[in-house]
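Trainee: I am new to this structure and would like a close look at one part of it, the aromatic rings. Please go through how they are placed and what surrounds them.

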Amino acid sequence: MASVTRAAFGELPSGGGTVEKFQLQSDLLRVDIISWGCTITALEVKDRQGRASDVVLGFAELEGYLQKQPYFGAVIGRVANRIAKGTFKVDGKEYHLAINKEPNSLHGGVRGFDKVLWTPQVLSNGVQFSRISPDGEEGYPGELKVWVTYTLGGGELVVNYRAQASQVTPVNLTNHSYFNLAGQGSPNIYDHEVTIEADTYLPVDETLIPIGEVAPVQGTAFDLRKPVELGKHLQDFHLNGFDHNFCLKGSKEKHFCARVHHAASGRVLEVYTTQPGVQFYTGNFLDGTLKGKNGAIYPKHSGFCLETQNWPDAVNQFCFQHGIIWRQRNLEDT
(Lines give C-alpha, C1' and ligand atoms only; values in the text may rest on other atoms or scores of the structure.)
Protein backbone atom coordinates (compact mmCIF):
# COMPACT_ATOMS: atom_id res chain seq x y z
CA MET A 1 0.00 0.00 0.00
CA ALA A 2 1.25 3.46 -0.88
CA SER A 3 1.24 6.51 1.36
CA VAL A 4 0.35 9.96 0.01
CA THR A 5 1.58 13.27 1.41
CA ARG A 6 0.69 16.78 0.25
CA ALA A 7 2.70 20.01 0.45
CA ALA A 8 3.04 23.39 -1.22
CA PHE A 9 5.58 23.44 -4.07
CA GLY A 10 5.49 27.11 -5.10
CA GLU A 11 3.42 30.13 -6.06
CA LEU A 12 2.56 31.06 -9.64
CA PRO A 13 3.37 34.65 -10.63
CA SER A 14 0.73 37.40 -10.61
CA GLY A 15 -1.47 35.56 -8.12
CA GLY A 16 -1.93 32.59 -10.43
CA GLY A 17 -2.37 30.18 -7.54
CA THR A 18 -0.46 27.68 -5.41
CA VAL A 19 1.22 24.68 -7.02
CA GLU A 20 1.12 21.64 -4.75
CA LYS A 21 3.34 18.57 -4.61
CA PHE A 22 2.03 15.09 -3.93
CA GLN A 23 4.47 12.43 -2.80
CA LEU A 24 3.47 8.81 -3.38
CA GLN A 25 5.58 6.26 -1.56
CA SER A 26 5.61 2.45 -1.52
CA ASP A 27 8.25 0.02 -0.30
CA LEU A 28 9.85 0.12 -3.78
CA LEU A 29 9.20 3.57 -5.29
CA ARG A 30 8.86 7.22 -4.34
CA VAL A 31 7.15 9.51 -6.83
CA ASP A 32 6.68 13.30 -6.61
CA ILE A 33 3.96 14.88 -8.78
CA ILE A 34 2.96 18.54 -8.91
CA SER A 35 -0.35 20.10 -9.89
CA TRP A 36 1.32 22.28 -12.56
CA GLY A 37 0.94 20.15 -15.70
CA CYS A 38 0.39 16.97 -13.62
CA THR A 39 4.19 16.83 -13.75
CA ILE A 40 6.30 13.99 -12.35
CA THR A 41 9.21 15.86 -10.76
CA ALA A 42 11.00 12.91 -9.13
CA LEU A 43 10.93 9.12 -9.23
CA GLU A 44 13.25 7.45 -6.76
CA VAL A 45 14.11 3.76 -7.03
CA LYS A 46 16.86 1.59 -5.52
CA ASP A 47 19.66 -0.13 -7.40
CA ARG A 48 20.77 -3.71 -6.77
CA GLN A 49 22.81 -2.56 -3.75
CA GLY A 50 19.76 -0.87 -2.26
CA ARG A 51 20.95 2.69 -3.02
CA ALA A 52 18.13 4.97 -4.10
CA SER A 53 18.47 7.41 -7.01
CA ASP A 54 16.09 9.78 -8.74
CA VAL A 55 15.74 8.51 -12.33
CA VAL A 56 13.73 11.31 -14.01
CA LEU A 57 15.06 14.61 -15.33
CA GLY A 58 13.57 17.82 -13.98
CA PHE A 59 13.86 20.70 -11.53
CA ALA A 60 13.86 21.07 -7.77
CA GLU A 61 11.82 24.30 -7.83
CA LEU A 62 8.73 25.59 -9.63
CA GLU A 63 10.68 28.29 -11.50
CA GLY A 64 12.39 25.58 -13.52
CA TYR A 65 9.07 24.33 -14.87
CA LEU A 66 7.83 27.84 -15.70
CA GLN A 67 10.76 28.58 -18.00
CA LYS A 68 11.04 27.30 -21.57
CA GLN A 69 11.91 23.63 -21.14
CA PRO A 70 11.26 20.37 -23.00
CA TYR A 71 8.10 19.16 -21.21
CA PHE A 72 9.99 17.38 -18.40
CA GLY A 73 7.61 14.93 -16.70
CA ALA A 74 4.41 16.66 -17.84
CA VAL A 75 1.06 15.48 -19.14
CA ILE A 76 0.69 16.51 -22.79
CA GLY A 77 -2.59 17.56 -24.40
CA ARG A 78 -5.00 18.30 -25.92
CA VAL A 79 -3.03 16.44 -28.62
CA ALA A 80 0.42 15.01 -27.95
CA ASN A 81 3.03 14.93 -30.69
CA ARG A 82 2.79 16.83 -33.99
CA ILE A 83 -0.11 17.99 -36.13
CA ALA A 84 1.11 18.79 -39.63
CA LYS A 85 1.11 22.52 -40.41
CA GLY A 86 -1.16 23.10 -37.40
CA THR A 87 -4.36 22.38 -39.32
CA PHE A 88 -7.00 19.66 -39.38
CA LYS A 89 -10.63 19.16 -40.33
CA VAL A 90 -13.48 17.84 -38.20
CA ASP A 91 -16.91 17.32 -39.77
CA GLY A 92 -15.83 19.38 -42.77
CA LYS A 93 -14.69 22.40 -40.77
CA GLU A 94 -11.02 23.40 -40.81
CA TYR A 95 -9.29 24.34 -37.57
CA HIS A 96 -6.00 26.24 -37.21
CA LEU A 97 -3.57 25.79 -34.32
CA ALA A 98 -0.51 27.73 -33.20
CA ILE A 99 2.67 26.76 -35.05
CA ASN A 100 4.98 26.31 -32.07
CA LYS A 101 7.50 23.96 -33.70
CA GLU A 102 7.95 25.10 -37.29
CA PRO A 103 6.16 24.21 -39.47
CA ASN A 104 3.87 22.16 -37.20
CA SER A 105 1.87 22.33 -33.99
CA LEU A 106 3.49 20.35 -31.17
CA HIS A 107 2.18 18.96 -27.87
CA GLY A 108 -1.07 20.93 -27.64
CA GLY A 109 0.21 24.34 -28.68
CA VAL A 110 1.67 27.39 -26.97
CA ARG A 111 -0.14 26.76 -23.69
CA GLY A 112 -0.90 23.07 -23.63
CA PHE A 113 -1.98 20.91 -20.70
CA ASP A 114 1.62 20.97 -19.41
CA LYS A 115 1.39 24.74 -18.74
CA VAL A 116 -1.80 24.94 -16.67
CA LEU A 117 -2.72 24.43 -13.02
CA TRP A 118 -4.84 21.32 -12.41
CA THR A 119 -7.27 20.65 -9.56
CA PRO A 120 -6.05 17.80 -7.32
CA GLN A 121 -7.93 15.21 -5.30
CA VAL A 122 -6.01 12.93 -2.94
CA LEU A 123 -6.77 9.20 -3.19
CA SER A 124 -5.85 6.43 -0.77
CA ASN A 125 -2.97 5.30 -3.01
CA GLY A 126 -2.43 8.25 -5.33
CA VAL A 127 -3.80 11.51 -6.68
CA GLN A 128 -6.28 12.52 -9.36
CA PHE A 129 -5.98 15.78 -11.28
CA SER A 130 -8.80 17.36 -13.27
CA ARG A 131 -9.46 20.40 -15.42
CA ILE A 132 -11.88 21.74 -18.02
CA SER A 133 -10.33 22.78 -21.31
CA PRO A 134 -12.73 25.39 -22.71
CA ASP A 135 -14.10 25.37 -26.25
CA GLY A 136 -11.51 26.95 -28.54
CA GLU A 137 -8.55 26.56 -26.18
CA GLU A 138 -5.41 26.56 -28.34
CA GLY A 139 -7.71 26.37 -31.37
CA TYR A 140 -9.35 23.02 -30.57
CA PRO A 141 -13.12 22.60 -30.90
CA GLY A 142 -15.41 21.76 -28.01
CA GLU A 143 -15.14 21.80 -24.25
CA LEU A 144 -13.07 18.93 -22.87
CA LYS A 145 -13.24 17.63 -19.31
CA VAL A 146 -10.04 15.76 -18.42
CA TRP A 147 -9.00 13.55 -15.52
CA VAL A 148 -5.46 12.21 -14.99
CA THR A 149 -4.97 9.72 -12.15
CA TYR A 150 -1.66 8.51 -10.71
CA THR A 151 -1.74 5.48 -8.41
CA LEU A 152 1.16 3.59 -6.87
CA GLY A 153 1.33 -0.01 -5.73
CA GLY A 154 4.63 -1.73 -5.01
CA GLY A 155 6.89 -1.09 -7.98
CA GLU A 156 4.08 -0.10 -10.37
CA LEU A 157 3.05 3.47 -11.13
CA VAL A 158 -0.22 3.57 -13.08
CA VAL A 159 -1.28 6.63 -15.09
CA ASN A 160 -4.92 6.67 -16.20
CA TYR A 161 -6.34 9.26 -18.61
CA ARG A 162 -10.02 10.04 -19.11
CA ALA A 163 -11.60 12.76 -21.23
CA GLN A 164 -15.16 13.80 -22.06
CA ALA A 165 -15.81 16.13 -25.00
CA SER A 166 -18.84 18.30 -25.73
CA GLN A 167 -18.31 17.77 -29.49
CA VAL A 168 -16.03 15.87 -31.84
CA THR A 169 -12.41 16.87 -31.19
CA PRO A 170 -9.00 15.19 -31.41
CA VAL A 171 -7.60 14.05 -28.05
CA ASN A 172 -4.26 12.32 -27.52
CA LEU A 173 -2.86 12.39 -23.98
CA THR A 174 0.52 11.15 -22.78
CA ASN A 175 3.22 11.70 -20.17
CA HIS A 176 6.56 13.20 -21.20
CA SER A 177 8.91 11.97 -18.47
CA TYR A 178 12.60 11.72 -19.36
CA PHE A 179 14.32 8.74 -17.73
CA ASN A 180 17.95 7.92 -17.00
CA LEU A 181 18.16 4.68 -15.05
CA ALA A 182 21.74 5.44 -13.98
CA GLY A 183 20.24 8.41 -12.12
CA GLN A 184 19.23 11.83 -13.37
CA GLY A 185 22.31 13.94 -14.09
CA SER A 186 24.22 11.00 -15.55
CA PRO A 187 25.79 12.15 -18.83
CA ASN A 188 24.07 9.78 -21.28
CA ILE A 189 21.87 6.73 -21.78
CA TYR A 190 24.22 4.81 -24.08
CA ASP A 191 24.58 1.88 -21.64
CA HIS A 192 20.82 1.30 -21.46
CA GLU A 193 19.42 -1.84 -23.14
CA VAL A 194 16.14 -1.13 -24.94
CA THR A 195 13.39 -3.47 -26.12
CA ILE A 196 10.19 -2.32 -27.86
CA GLU A 197 7.49 -4.87 -28.73
CA ALA A 198 6.64 -3.51 -32.19
CA ASP A 199 6.71 -5.13 -35.62
CA THR A 200 6.15 -1.83 -37.44
CA TYR A 201 6.97 1.87 -37.08
CA LEU A 202 6.10 5.17 -38.78
CA PRO A 203 8.79 6.68 -41.05
CA VAL A 204 8.83 10.49 -40.87
CA ASP A 205 9.79 13.44 -43.05
CA GLU A 206 12.37 16.07 -42.16
CA THR A 207 9.85 17.86 -39.90
CA LEU A 208 9.11 14.58 -38.03
CA ILE A 209 5.62 14.18 -39.51
CA PRO A 210 4.77 10.59 -40.53
CA ILE A 211 4.81 10.14 -44.32
CA GLY A 212 1.73 7.89 -44.24
CA GLU A 213 3.54 4.56 -44.41
CA VAL A 214 3.44 1.83 -41.77
CA ALA A 215 6.82 0.16 -42.28
CA PRO A 216 8.11 -3.18 -40.97
CA VAL A 217 11.00 -2.93 -38.51
CA GLN A 218 12.54 -6.17 -39.79
CA GLY A 219 16.08 -5.58 -41.04
CA THR A 220 16.14 -1.90 -40.01
CA ALA A 221 17.53 0.20 -37.16
CA PHE A 222 13.99 0.24 -35.76
CA ASP A 223 13.95 -3.48 -34.96
CA LEU A 224 14.11 -3.29 -31.18
CA ARG A 225 12.17 -6.48 -30.54
CA LYS A 226 15.29 -7.97 -28.95
CA PRO A 227 17.38 -5.94 -26.49
CA VAL A 228 19.91 -3.54 -28.00
CA GLU A 229 22.52 -1.47 -26.19
CA LEU A 230 21.51 2.02 -27.19
CA GLY A 231 24.89 3.69 -27.72
CA LYS A 232 26.27 0.86 -29.85
CA HIS A 233 23.03 0.61 -31.79
CA LEU A 234 23.02 4.33 -32.65
CA GLN A 235 26.64 4.06 -33.72
CA ASP A 236 26.13 0.91 -35.81
CA PHE A 237 23.23 2.46 -37.73
CA HIS A 238 24.66 6.02 -37.84
CA LEU A 239 21.58 7.42 -36.13
CA ASN A 240 21.29 10.82 -34.46
CA GLY A 241 18.77 9.24 -32.10
CA PHE A 242 15.16 8.09 -32.04
CA ASP A 243 12.08 10.30 -32.20
CA HIS A 244 9.66 7.85 -33.79
CA ASN A 245 6.31 6.19 -33.21
CA PHE A 246 6.41 2.43 -32.84
CA CYS A 247 3.13 0.71 -33.72
CA LEU A 248 1.88 -1.59 -30.99
CA LYS A 249 -0.60 -4.44 -31.05
CA GLY A 250 -4.06 -2.87 -30.94
CA SER A 251 -5.82 -3.92 -27.75
CA LYS A 252 -8.20 -2.45 -25.21
CA GLU A 253 -6.42 -4.52 -22.58
CA LYS A 254 -3.15 -3.41 -21.02
CA HIS A 255 -0.26 -5.09 -22.80
CA PHE A 256 3.54 -5.08 -22.72
CA CYS A 257 5.08 -2.26 -24.71
CA ALA A 258 8.74 -1.70 -23.84
CA ARG A 259 11.53 -2.62 -21.45
CA VAL A 260 14.71 -0.71 -20.60
CA HIS A 261 17.45 -2.35 -18.54
CA HIS A 262 20.45 -0.62 -17.00
CA ALA A 263 22.92 -3.40 -16.27
CA ALA A 264 25.28 -1.38 -14.07
CA SER A 265 22.58 -0.50 -11.52
CA GLY A 266 20.24 -3.42 -12.13
CA ARG A 267 17.31 -1.05 -12.61
CA VAL A 268 14.57 -2.04 -15.05
CA LEU A 269 11.72 0.04 -16.48
CA GLU A 270 8.82 -1.82 -18.08
CA VAL A 271 5.96 -0.03 -19.84
CA TYR A 272 2.47 -1.45 -20.36
CA THR A 273 -0.29 0.40 -22.20
CA THR A 274 -3.69 0.22 -23.89
CA GLN A 275 -2.58 2.74 -26.54
CA PRO A 276 -1.79 1.85 -30.20
CA GLY A 277 1.63 3.52 -30.26
CA VAL A 278 4.65 4.62 -28.28
CA GLN A 279 6.93 7.52 -29.20
CA PHE A 280 10.50 6.53 -28.36
CA TYR A 281 12.56 9.70 -27.95
CA THR A 282 16.22 9.78 -26.96
CA GLY A 283 16.56 13.42 -25.92
CA ASN A 284 18.03 14.52 -29.25
CA PHE A 285 17.15 18.19 -28.63
CA LEU A 286 18.62 18.39 -25.12
CA ASP A 287 21.67 20.67 -25.33
CA GLY A 288 23.06 21.10 -21.82
CA THR A 289 21.76 24.65 -21.33
CA LEU A 290 19.23 23.82 -18.59
CA LYS A 291 20.32 23.33 -14.99
CA GLY A 292 18.30 20.63 -13.28
CA LYS A 293 18.10 18.99 -9.88
CA ASN A 294 21.26 19.05 -7.78
CA GLY A 295 22.97 21.25 -10.38
CA ALA A 296 22.70 18.59 -13.09
CA ILE A 297 22.97 19.58 -16.73
CA TYR A 298 21.14 17.65 -19.41
CA PRO A 299 23.12 17.25 -22.63
CA LYS A 300 21.94 15.45 -25.76
CA HIS A 301 20.99 11.80 -25.10
CA SER A 302 20.99 12.22 -21.30
CA GLY A 303 17.41 10.96 -21.00
CA PHE A 304 14.82 8.93 -22.91
CA CYS A 305 11.04 9.06 -23.18
CA LEU A 306 8.53 6.30 -23.88
CA GLU A 307 5.36 8.26 -24.63
CA THR A 308 2.40 5.91 -25.02
CA GLN A 309 -0.15 7.55 -27.29
CA ASN A 310 -2.14 7.50 -30.51
CA TRP A 311 -0.21 7.77 -33.76
CA PRO A 312 1.20 11.22 -34.62
CA ASP A 313 -0.85 13.42 -36.96
CA ALA A 314 -3.58 10.76 -37.03
CA VAL A 315 -6.23 13.51 -37.30
CA ASN A 316 -4.84 14.27 -40.79
CA GLN A 317 -3.99 10.74 -41.89
CA PHE A 318 -7.08 8.68 -42.62
CA CYS A 319 -5.06 5.51 -43.18
CA PHE A 320 -3.84 5.72 -39.55
CA GLN A 321 -7.35 6.30 -38.20
CA HIS A 322 -8.74 3.50 -40.33
CA GLY A 323 -5.92 1.15 -39.38
CA ILE A 324 -6.40 1.73 -35.67
CA ILE A 325 -10.18 1.34 -35.89
CA TRP A 326 -9.84 -1.77 -38.03
CA ARG A 327 -7.42 -3.38 -35.61
CA GLN A 328 -9.71 -2.68 -32.66
CA ARG A 329 -12.72 -4.11 -34.49
CA ASN A 330 -10.71 -7.10 -35.58
CA LEU A 331 -9.76 -7.79 -31.97
CA GLU A 332 -13.35 -7.37 -30.84
CA ASP A 333 -14.48 -9.82 -33.50
CA THR A 334 -12.02 -12.43 -32.31
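Mentor: A residue is called buried under 20% relative accessible area, exposed over 50%, and partly exposed in between, with a 1.4 Å probe and protein chains only. The model is a predicted one, where local features need pLDDT of at least 70 and side-chain atom pairs count only at pLDDT 80 or more, while totals for chains, interfaces and linings use all residues. Residues are numbered from 1 along each chain as its sequence is written, and side-chain values use heavy atoms, with hydrogens and water left out.

Now to the rings. A pair of aromatic rings is described by the distance of the centres and the angle of the planes. Rings of Phe, Tyr and Trp (its six-membered ring) pair if their centres lie within 6.5 Å; planes under 30 degrees apart count as stacked, over 60 as edge-to-face and the rest as tilted. The structure holds 19 aromatic pairs.

One of them joins Phe222 and Phe242, with 5.7 Å centre to centre and 80° between the planes, an edge-to-face arrangement. The pair links distant parts of the chain, 20 residues apart. Helices (H or I, at least four residues) and strands (E, at least two) are DSSP runs, numbered from the N terminus. In those terms, Phe222 lies in the loop between strand S18 (215-216) and strand S19 (228-229), and Phe242 lies in the loop between helix H2 (230-236) and strand S20 (243-247). Phe222 counts as buried because its relative accessibility is 11%. Phe242 is buried too, at 1%.

Phe256 and Tyr272 form another edge-to-face pair, at 5.6 Å centre to centre and 70° between the planes. Here the partners sit in strands: Phe256 in strand S21 (residues 255-262) and Tyr272 in strand S22 (residues 267-273), 16 residues apart, and this pair also links distant parts of the chain. Phe256 has a relative accessible area of 26%, so it is partly exposed. Tyr272 is likewise partly exposed, at 42% relative accessibility.

Ring pairs also build a cluster, which takes in Phe59, Tyr65, Phe72, Tyr178, Tyr281, Phe285 and Tyr298. Phe285 has a charge over its ring as well: the charged end of Lys101 sits there, 4.6 Å from the ring centre. A charge sits over a ring if NZ of Lys or CZ of Arg is within 6 Å of the ring centre and within 35 degrees of the ring normal. The ring of Trp147 has the charged end of Arg162 over it, 3.9 Å from its centre.
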